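Please consult the sequence and the model while reading.

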Amino acid sequence: MKKANIIIADDHLMFLEGINTILSDMQEIGDVHLATEGKQVLRLLNQFEIDLIISDISMPKMDGIELLTELKKKHSSVKIIMLSMLDNHRTVHKVIQKGADGFIPKFTSKEELQTAVRTVLDNEQYFSEIIKQRYMESVFERKKYKNIELSPREKEVLNLLGDELTSKEISEKLFISVNTVETHRKNILLKTGSKTTTGAVKYAIESGLFDE
């Protein structure tokens, strides 16, 4: 039986070594490479034949979600299991929508990690029960906003408002007048039912607009 070569990515060395130890008990596993950030994973992919990546979400330079996006574009045959201390529904929704093959919390058991690895290597998906629960919460949350539509320009303005840019700064960035920015802002507040820009940004986060 061909053994699977794996990359483990996490910026905490102790956690890397812990996962490596867990995988060493599995007969299905061949070579294991360690990485501390996403760009290092991409370099390893160009050097070795890799079957599976186990990656944390929060990493410097290139985080796990950016890595997942890049992987699905250029290395679609490589499987990826995401790990995170974060289990909020917005993060879970983003990871699943971007095509992760598995997602388990970092506080999972040794047995579940091994089960996830075996399942994904058998070309099936694996999501922990808490991850499934968070995903269903995200679906329910987004249904509340499905009838609210912002124009592409309004989404652009709202995104910049979320970055705390002023109307003048937004006007310069988008090459539109300050009055036009203010008109978009008022329309955004009206459509989202928000009283303030902060409320509109909260709407964007909860509806998943910033995930698009």
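The account below describes the setting of Ser 55 in strand E3.

The model is predicted, so local features need pLDDT of at least 70 and side-chain atom pairs count only at pLDDT 80 or more, whereas totals for chains, interfaces and linings use all residues. Residues are numbered from 1 along each chain as its sequence is written, and side-chain values use heavy atoms, with hydrogens and water left out.

Ser 55 belongs to strand E3, residues 52-56; helices (H or I, at least four residues) and strands (E, at least two) are DSSP runs, numbered from the N terminus. Because its relative accessibility is 0%, Ser 55 counts as buried, a term that means under 20% relative accessible area with a 1.4 Å probe and protein chains only. Five of the five residues of E3 are buried. On one side these are Leu 52, Ile 54 and Asp 56, and on the other Ile 53 and Ser 55.

E3 takes part in two pairings, where pairing requires that DSSP finds at least two bridges between the strands.

| E4 (residues 79-84) | parallel | five bridges | Met 82 |

From E3 the chain passes through helix H3 (residues 64-74) to E4 in a right-handed β-α-β crossover, that is, clockwise from the first strand over the helix to the second with the strands pointing away from the viewer.

Beyond its neighbours within four places in sequence, Ser 55 is in contact (heavy atoms within 4.5 Å) with Ala 9, Gly 64, Leu 67, Ile 80, Ile 81, Met 82 and Leu 83.

Notes
Buried < 20%, exposed > 50% of the residue type's maximum accessible area, 1.4 Å probe, protein only.
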